[in-house]
Every structure is written in C-alpha cells, then in structure tokens.
Amino acid sequence: EVQLQASGGGLVQTGGSLRLSCVASGYNFDDYAIGWFRQAPGKEREGVSCISSKYSMTFTSESVKGRFTLSNDNAKNTVYLQMDNLKPEDTAVYYCAARIFCTRAFMSPMQTPPNFWGRGTQVTVSS
C-alpha cells in the first residue's frame with residue numbers, strides 16, 4: 001500500500017523556521033516526484049515545491065522562493081521541506097503528494113491531481 005506520511009508542523013513566530021518531512025512507503029521511492037502543497041482555511045490548495053531525483057527536476061513557487069528549500073534523502077525514502085523566515089501567510093495545512101514528474105503542472109492539483117496524497121500537517125505562524 002502506498003503511503004505518504006507528513007510530519008514536522010507546529011507553531012512558530014514570524015521569522016522562525018520549521019522542517020517538514022514526508023516519508024514514503026509502498027513503492028519505489030525514486031520513481032515518483034514528491035511535492036508539497038498547502039491549504040489555508042477557506043482557501044484552495046496550492047502547490048509549494050516539488051522534487052524528482054530520478055529526472056533531476058525541481059520546482060518552487062514564487063511565494064516561497066528564497067525561504068523554502070526541498071531536499072531528498074533517498075536512503076530514508078524521505079523528502080524534507082526546510083521552511084525559513086516564515087510569515088503569517090504561510091499558515092496552512094501542508095500536504096505531501098507523489099506524481100511521476102516534478103513540473104509546474106504538478107503544482108496545480110486541481111488540474112493535474114497527484115497520484116497519491118498524504119495526510120496534512122498543520123503549520124501556524126503567529127504575527
């Protein structure tokens with residue numbers, strides 16, 4: 001069974017940092033890109049960033065460039081999202097998901113749904 005487990009959320013002050021983890025199981029980790037998405041209350045889910053080790057592809061949304069960084073640890077089937085200089089507008093439930101390719105299209109989940117979703121982890125940034 002394919003599973004994606006997101007963790008690492010919490011409450012931080014503006015300017016603080018968090019590192020989210022997405023641990024994958026049930027498939028060949030290298031065959032799929034991992035993307036991070038977020039959904040704030042009353043808002044649509046939006047793409048944040050993705051990475052594909054197999055195809056050497058990465059994408060990061062304009063809203064988080066320079067602040068969020070993805071990294072892979074293939075030995076642990078894990079993708080990390082390092083979030084620095086957090087802002088209140090970053091407050092959301094963060095989800096990880098898997099799809100074959102990491103492209104801009106992957107970051108539009110309504111148009112190009114991921115193959116697999118994980119459960120979200122809450123990130124709250126206080127003013």
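Strand β5 is largely enclosed by the rest of the structure, because six of its seven residues are buried. Buried here means under 20% relative accessible area, exposed means over 50%, and partly exposed lies in between (1.4 Å probe, protein chains only). Strands are DSSP runs of E of at least two residues, and helices are runs of H or I of at least four, numbered from the N terminus.

This is a predicted model, in which local features need pLDDT of at least 70 and side-chain atom pairs count only at pLDDT 80 or more, whereas totals for chains, interfaces and linings use all residues. Residues are numbered from 1 along each chain as its sequence is written, and side-chain values use heavy atoms, with hydrogens and water left out.

**Strand pairing around β5**

Two strands are taken as paired if DSSP finds at least two bridges between them. Strand β4 (residues 33–39) pairs with β5 in the antiparallel sense over five bridges, and Gly 35 stands opposite Cys 50 in β5. The hairpin of β4 and β5 has six residues between the strands, and in this hairpin Gly 42 takes a positive phi near 75 degrees. Strand β6 (residues 57–60) also runs antiparallel to β5, joined by four bridges; Met 57 in β6 is the bridge partner of Ser 52. The hairpin of β5 and β6 has four residues between the strands, with Ser 56 at a positive phi near 50 degrees.

**Disulfides**

A disulfide is a pair of cysteine sulfur atoms within 2.5 Å.

Cys 22 is joined to Cys 96 with an S to S distance of 2.2 Å. Cys 22 lies in strand β3 (residues 18–25) and Cys 96 in strand β9 (residues 92–99), so this pair ties together parts that are 74 residues apart in sequence. The link of Cys 22 and Cys 96 is right-handed, with 75 degrees about the S-S bond. Both Cys 22 and Cys 96 are buried.

The sulfur atoms of Cys 50 and Cys 102 are 2.1 Å apart in the other disulfide. This pair links distant parts of the chain, with Cys 50 in strand β5 (residues 46–52) and Cys 102 in the loop between β9 and β10 (116–117), 52 residues apart. The link of Cys 50 and Cys 102 is right-handed as well, at 80 degrees about the S-S bond. Cys 50 counts as buried because its relative accessibility is 1%, and Cys 102 is buried with a relative accessible area of 2%.

**Salt bridges**

Side chains of opposite charge can pair when their charged atoms come close. A salt bridge is a side-chain nitrogen of Lys or Arg within 4 Å of a carboxyl oxygen of Asp or Glu. The structure holds five salt bridges, including those in the table.

| Salt bridge | N to O distance |
|---|---|
| Asp 31 and Lys 54 | 3.4 Å |
| Glu 46 and Arg 38 | 2.9 Å |
| Lys 65 and Glu 62 | 2.9 Å |

Salt bridges that share partners join Arg 38, Glu 46, Arg 67 and Asp 90 into one network. Within the bridge of Glu 46 and Arg 38, Glu 46 is partly exposed at 37% relative accessible area, whereas Arg 38 counts as buried at 6% relative accessibility. Glu 62 counts as exposed at 63% relative accessibility, and Lys 65 as partly exposed at 46%.
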